[in-house]
Amino acid sequence: MKKILFIVTLLFVFVVSAQDSTEVKAQTPKIISKLMFGKTIAVDNLEFKFVTLESDSRCPKGVQCVRAGEAIVLIDVFKNGTKIEQKRLIFSPNAQLQNSLGNLFSSKKIKVTGFNIAPYPEYRNKIKPKDYFIQLDIRE
């Protein structure tokens with residue numbers, strides 16, 4: 001019995017000492033913000049305004065579509081109160097490259113990404129433009 005207890009203890013010591021002790025670097029947490037249609041959101045000395053919804057041809061829930069469709073929006077980007085550019089974002093299952101990290105604004109200090117538009121269309125329910133919003137991923 002002592003031999004078995006000794007062997008189990010010895011195995012336990014080997015297993016515990018064999019654990020990986022590498023340090024894990026924690027990622028910077030991302031901040032998710034809602035940019036409502038027609039509204040402006042401020043991030044540091046930047047402002048983003050959801051100007052217009054050009055189109056929303058995404059396949060509604062409850063409908064079988066041949067093509068997935070897409071939603072296209074225009075967002076004005078301001079720096080220190082001055083408009084620096086207008087970004088056109090396309091939200092589509094096929095637009096991952098265009099909707100990559102920092103697609104709305106990117107600098108050494110901050111990356112702002114528009115990664116989702118909501119609400120998702122439903123069969124027989126028309127969405128009013130004022131109900132749309134874009135989810136922004138803000139990383140420093």
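Predicted model: local features only at pLDDT ≥ 70, side-chain atom pairs only at ≥ 80, totals over all residues.
Q: Thanks! Which residues does Ile-134 touch, leaving out those up to four places away in sequence?

A: Ile-134 touches Ser-33, Lys-34, Leu-35, Phe-50, Val-73, Ile-75, Phe-91, Gly-114, Asn-116 and Ile-117.

Q: How should I read a nonpolar core, and which residues touch the most other members here?

A: The general idea is that in soluble globular proteins, nonpolar side chains tend to be buried together. Here the largest nonpolar core has 23 residues, and Phe-48, Val-73 and Ile-134 touch the most other members. Two or more residues of this core come from each of strand 2, strand 3, strand 4 (71–79), strand 5 (82–91), strand 7 and strand 8.

Q: Now the backbone: where is Asp-44, and what is its phi?

A: Look in the loop between strand 2 (40–43) and strand 3 (46–56) for Asp-44. Its phi is near 55°, a positive value in a residue other than glycine. Asp-44 is partly exposed, with a relative accessible area of 47%.

Q: And is Arg-124 buried or exposed?

A: Exposed means over 50% relative accessible area. Arg-124 has 72%, so it counts as exposed. This residue is in the loop between strand 7 and strand 8, and it too is not a glycine, yet has a positive phi of about 70°.

Q: What is the peptide bond from Ala-118 to Pro-119, cis or trans?

A: That bond is cis, with omega near 0°. Pro-119 sits in the loop between strand 7 (111–118) and strand 8 (133–139).

Note on methods. Residues numbered from 1 in each chain as written. Heavy atoms only, no water. Helix = DSSP H or I, 4+ residues; strand = E, 2+ residues; numbered from the N terminus. Buried < 20%, exposed > 50% of the residue type's maximum accessible area, 1.4 Å probe, protein only. Core = buried A, V, L, I, M, F, W, Y, C linked by side-chain atoms within 4.5 Å. Contact = heavy atoms within 4.5 Å.
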